[in-house]
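Colleague: I would like to learn how to read ring pairs in a protein model. Could you take me through it step by step?

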Amino acid sequence: FAMAGVALMQPAAAQERGKATEFHSDFTNFDLNKDGQLDAQELRLQFKTELNAVELHRFFVDADTDGSGTVSLAEYIDYAATLPAGAG
């Protein structure tokens, strides 16, 4: 049974690694000035008409857990991991 438990866990672990890689790639694409932080200007430029001011504010309230005014890679991954599948 131990082997079956390990086998069952591997796909989930691989799936989590895949999500983390995807989140890292997204973050890198959004981080236009490559400073390791996402700020409101970068997201406005990236999403143009797709993200209104209220949605942008909500993202920062939810994702900027240290209150710095920017979102780090770790904060972005933590935030993105809470989104429903297909919501990002």
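This is a predicted model: local features need pLDDT of at least 70, side-chain atom pairs count only at pLDDT 80 or more; totals for chains, interfaces and linings use all residues.

Colleague: How is a pair of aromatic rings described?

Modeller: By the distance of the centres and the angle of the planes. Take phenylalanine 30 and tyrosine 76: their ring centres are 6.1 Å apart and the planes meet at 85°, so this pair is edge-to-face.

Colleague: Where do phenylalanine 30 and tyrosine 76 lie?

Modeller: Phenylalanine 30 is in helix H1 and tyrosine 76 is in helix H4, so the pair ties together parts that are 46 residues apart in sequence.

Colleague: Is phenylalanine 30 buried or exposed?

Modeller: Buried, because its relative accessibility is 13% and the cut-off is under 20%. Tyrosine 76 is buried too, at 9%.

Colleague: What other aromatic pair is edge-to-face?

Modeller: Phenylalanine 59 and tyrosine 79, with 5.0 Å from centre to centre and 90° between the planes. Here helix H3 supplies phenylalanine 59 and helix H4 supplies tyrosine 79, 20 residues apart. Both of these residues, phenylalanine 59 and tyrosine 79, are buried.

Colleague: Which residues do ring pairs link into a cluster?

Modeller: Phe27, Phe30, Phe47 and Tyr76.

Colleague: And what is aspartate 64 in contact with, leaving aside its neighbours within four places in sequence?

Modeller: Its contacts include Phe59, Val71 and Glu75. Aspartate 64 sits in the loop between helix H3 and strand S2. Although buried, aspartate 64 has no salt bridge; arginine 58, the nearest side chain of opposite charge, is 12 Å away.

Key:
Residues are numbered from 1 along each chain as its sequence is written. Side-chain values use heavy atoms; hydrogens and water are left out. Helices (H or I, at least four residues) and strands (E, at least two) are DSSP runs, numbered from the N terminus. Buried means under 20% relative accessible area, exposed over 50%, partly exposed in between (1.4 Å probe, protein chains only). Lys and Arg count as positive and Asp and Glu as negative; His and the chain ends are not counted. A salt bridge is a side-chain nitrogen of Lys or Arg within 4 Å of a carboxyl oxygen of Asp or Glu. Contact means heavy atoms within 4.5 Å. Rings of Phe, Tyr and Trp (its six-membered ring) pair if their centres lie within 6.5 Å; planes under 30 degrees apart count as stacked, over 60 as edge-to-face and the rest as tilted.
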